[in-house]
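Okay, everyone, thanks for coming. Let me put the chain up on the screen.

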Amino acid sequence: MQHSSKGNVLLMELIVVVLFFSLIAVTITQVFVGAYFKSHSNASKQRAWIVASDWAELLSGEETPAEFLEQSGFTRETDGAFAQLSPDGEFRVRIALAPEPSAVLGRLVEADVQVFAAIAAPAIDAEAPLVSLPVASYLAPQEVRP
C-alpha cells in the first residue's frame, strides 16, 4: 500500500511540473509574438519615414507642386489633398498642400506629407498616419528682365 502512495505522489509532482512548464511556454510565446508585432510595426514606420522624406525632398524643389503631384500619378481627393499608393502597395501617401499666398515677395510652399499603412496589420492602425512630415520651402520671386 505504501508503494502505490509513493507512485501517486510522483505522478502529482510530474503533473505540477508539466503544468508549470506549459504556463511558462504560453507566457514566453506571448512575449515573442508581441516582440514580433512590435518589430514589424517599427520596420513599417521606418519604411514609411523613408517614403515621406523622399516625397518631402521632391516637393521642396518644385515651383508648382500641384502640377508635379498630378504628373507623378497622384489623384485629388475631395478635400483637395493628393493621394497615391506606393509602388509596392504597402503605403498610401497623402499630401496636403497649403493655399499659396501672394507671390509679391516670393512664395512659401507648404505641404504636409502623411504616410498611412495600406494593408491592415495587427500592430498598425490603418486610420492613423504612420508618419506625418511637414514641408516648407521658400521660392524667391522671378526677376523681370528688360
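I'll go from the overall fold to a few side chains.

So, this is a predicted model, where local features need pLDDT of at least 70, side-chain atom pairs count only at pLDDT 80 or more, and totals for chains, interfaces and linings use all residues. Numbering runs from 1 along each chain as its sequence is written, and side-chain values use heavy atoms, with hydrogens and water left out.

We've got two helices and five strands, in the order α-α-β-β-β-β-β along the sequence. Those are DSSP runs, numbered from the N terminus: H or I of at least four residues for helices, E of at least two for strands.

Of the 146 residues, 27% are buried, meaning under 20% relative accessible area with a 1.4 Å probe, protein chains only. Take the contacts between residues at least 6 apart in sequence: 50% of them join residues at least 24 apart. Contact here is heavy atoms within 4.5 Å.

Now look at glutamate 90, in the loop between strand S2 (82–85) and strand S3 (91–97). Which residues does glutamate 90 touch, leaving aside those up to four places away in sequence? Ser44, Arg47, Phe116, Ala117, Ala118 and Ile119.

Phe116 comes up again: the charged end of arginine 92 sits over the phenylalanine 116 ring, 4.4 Å from its centre. For that call, NZ of Lys or CZ of Arg has to be within 6 Å of the ring centre and within 35 degrees of the ring normal.

How values were computed:
Buried means under 20% relative accessible area, exposed over 50%, partly exposed in between (1.4 Å probe, protein chains only).
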